[in-house]
Amino acid sequence: MALKLYGAAMSPCTSRVMTCLHEKEADFELIPIDLFAGEHKQLPFLAKNPFGQIPALEDGDLSLFESRAISAYVAEKYKEAGHDLIRCQSLKEAAEVKVWMEVESQQYHPAISPIIFQFFAAPLQGKVPDQTIIDENLEKLGKVLDVYEEKLSRTKYLAGDFYSLADLFHLSFTYYFMKTPCANLINERPHVKAWWEDISSRPAFQKVASAMTFGEKGN
């Protein structure tokens, strides 16, 4: 039975899960949720995620929300298929993956997500992007990327010389970030730039990126 993923293809969090599903060669159905109509804030979707945020996943009688938790579940469920995203054969490497998954969640995401909101979501709400918020978070993101630059000078990927969920979790928001005038923050750091060009060229993400048209609408 195919997994059911409720979300929107242009959503960074939905596309995070879709990328993981493609990496694991899993059979799934994307069931579109109309964000502009507020479908995610209404029943029946609220029964899947009471916080009213996409995506949500159904696997038989199991219902999950939170994109990172869903992706971790998919990576474990299909650990014998596709690319090993969690390094299930090595306790040490698996621990490194978990560390950098936390770094993405606790350090990288809080800095990059407000920037993406200002450039892409604020105009949809009839607001002018707040340059003060953008600048404050660019400073925070730059400091995080300095740490990444040093780490990636020693290993090809964040958790080691292997691609993992730790890298995958960065893809969607960075994809949109690279469509902003701030892309030089990535490009001026050679090891970060090389890492980004590597992970964003993976076939699993390319399948997803082709539907991430939020940026092309000029929003």
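This is a predicted model: local features need pLDDT of at least 70, side-chain atom pairs count only at pLDDT 80 or more; totals for chains, interfaces and linings use all residues.
Helices (H or I, at least four residues) and strands (E, at least two) are DSSP runs, numbered from the N terminus. Residues are numbered from 1 along each chain as its sequence is written, and side-chain values use heavy atoms, with hydrogens and water left out.

Strand E1 spans residues 3-7. Four of its five residues are buried, so E1 is largely enclosed by the rest of the structure. Buried here means under 20% relative accessible area, exposed means over 50%, and partly exposed lies in between (1.4 Å probe, protein chains only). E1 has pairing partners in E2 and E3. Two strands count as paired if DSSP finds at least two bridges between them. E1 and E2 (residues 28-32) run parallel and are joined by five bridges. In this pairing, tyrosine 6 stands opposite isoleucine 31 of E2. From E1 the chain passes through H1 to E2, forming a right-handed β-α-β crossover. Right-handed means that, with the strands pointing away from the viewer, the path from the first strand over the helix to the second runs clockwise. The pairing of E1 with E3 (residues 56-59) is antiparallel and has three bridges. Here tyrosine 6 stands opposite alanine 56.

Helix H1 covers residues 12-23, twelve in number. The distance from its first C-alpha to its last is 16 Å, close to the 16 Å expected at 1.5 Å a residue. The expected span is 1.5 Å times one less than the number of residues. H1 is mostly covered, with ten of its twelve residues buried. Among them are Pro12, Arg16, Val17, Met18, Leu21 and Glu23. Thr14, Ser15, Thr19 and Cys20 are buried as well.

Glutamate 25 follows H1 and lies in the loop between H1 and E2. Its phi is positive, near 55°, in a residue other than glycine. Glutamate 25 counts as exposed, at 64% relative accessibility. Arginine 87 also has a positive phi, about 55°, although it is not a glycine. Arginine 87 is found in the loop between helix H2 (67-77) and helix H3 (91-121). With 21% relative accessibility, arginine 87 counts as partly exposed. Most residues other than glycine have a negative phi, and most peptide bonds are trans.

Cis peptide bonds occur at two prolines, proline 44 and proline 55. Leucine 43 and proline 44 are joined by a cis bond with omega about 10°. Proline 44 sits in the loop between E2 and E3. The bond from isoleucine 54 to proline 55 is cis too, with omega near 5°. Proline 55 likewise belongs to the loop between E2 and E3.

The structure holds zero disulfides, a disulfide being a pair of cysteine sulfur atoms within 2.5 Å. Cysteine 20 is in no disulfide, and the nearest cysteine sulfur, that of cysteine 88, is 13 Å away. Cysteine 88 is likewise in no disulfide, with the sulfur of cysteine 20 as its nearest. Cysteine 20 is buried, with a relative accessible area of 0%. Cysteine 88 counts as partly exposed, at 32% relative accessibility.
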